[in-house]
Amino acid sequence: MYCNYCGKVIQDDAAVCAYCGVRIGASLARKRLMRPRHGRKIAGVCLGFAEYFDVDVTVVRLVWLITSFMTGIGLISYPIAWIVMPEEPLLLTAPVGVQRATNP
Ligand SMILES: [Zn+2]
């Protein structure tokens, strides 16, 4: 993988360029369609779409409900999205002792 900013060769799984410090993984990680664990109503499908397209979750839920009643597409696509969309990984916080040890 090459850094888009300075053009130097960097590690494939690197989130930050070791040469210029530009974040590489940030834009990639943000564009993943998944179901968040917090703030969901049923399975987090609408919330996942809202975060992905950067729109209000209420708008997504309303559109989804309206299309469910009008056409039935929403009714069929919800369980499909529930199965297909991965769940947001658990956010693991680093133990306090580890951070203290690195700081003198
Ligand atoms: Zn760079």
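Predicted model: local features only at pLDDT ≥ 70, side-chain atom pairs only at ≥ 80, totals over all residues.

A: Start with methionine 34. Beyond its neighbours within four places in sequence, methionine 34 is in contact with Gly48, Met85, Pro86, Glu87 and Glu88.

Methionine 34 sits in the loop between helix H1 (25-30) and H2. Its C-beta has 16 other C-beta atoms within 10 Å. A residue needs 20 or more to be buried, and 12 or fewer to be exposed. Methionine 34 is therefore partly exposed.

Next, H2. Helix H2 covers residues 45-53 and packs against helix H3, residues 57-70. Their axes are 8 Å apart, at an angle of about 125°. The crossing of H2 and H3 is right-handed. On the H2 side, the contact is made by Cys46, Leu47, Phe49 and Ala50. H3 supplies Val57, Val60, Arg61 and Trp64. Seven residues of this contact are nonpolar, none is polar and one is charged.

Last, H4. Helix H4 runs over residues 73-84 and has 12 residues. From first C-alpha to last, H4 reaches 16 Å, close to the 16 Å expected at 1.5 Å a residue. The number of buried residues in H4 is zero, so this helix lies largely in the open.

Notes
Residues numbered from 1 in each chain as written. Axes fitted to C-alpha atoms, helices over the stretch in contact; angles between N-to-C directions. Helix = DSSP H or I, 4+ residues; strand = E, 2+ residues; numbered from the N terminus. Left-handed = near helix turned anticlockwise from the far one by under 90°. Contact = placed C-beta atoms within 7 Å. Nonpolar A, V, L, I, M, F, W, Y, C, P; charged D, E, K, R; others polar. Expected span 1.5 Å × (residues − 1).
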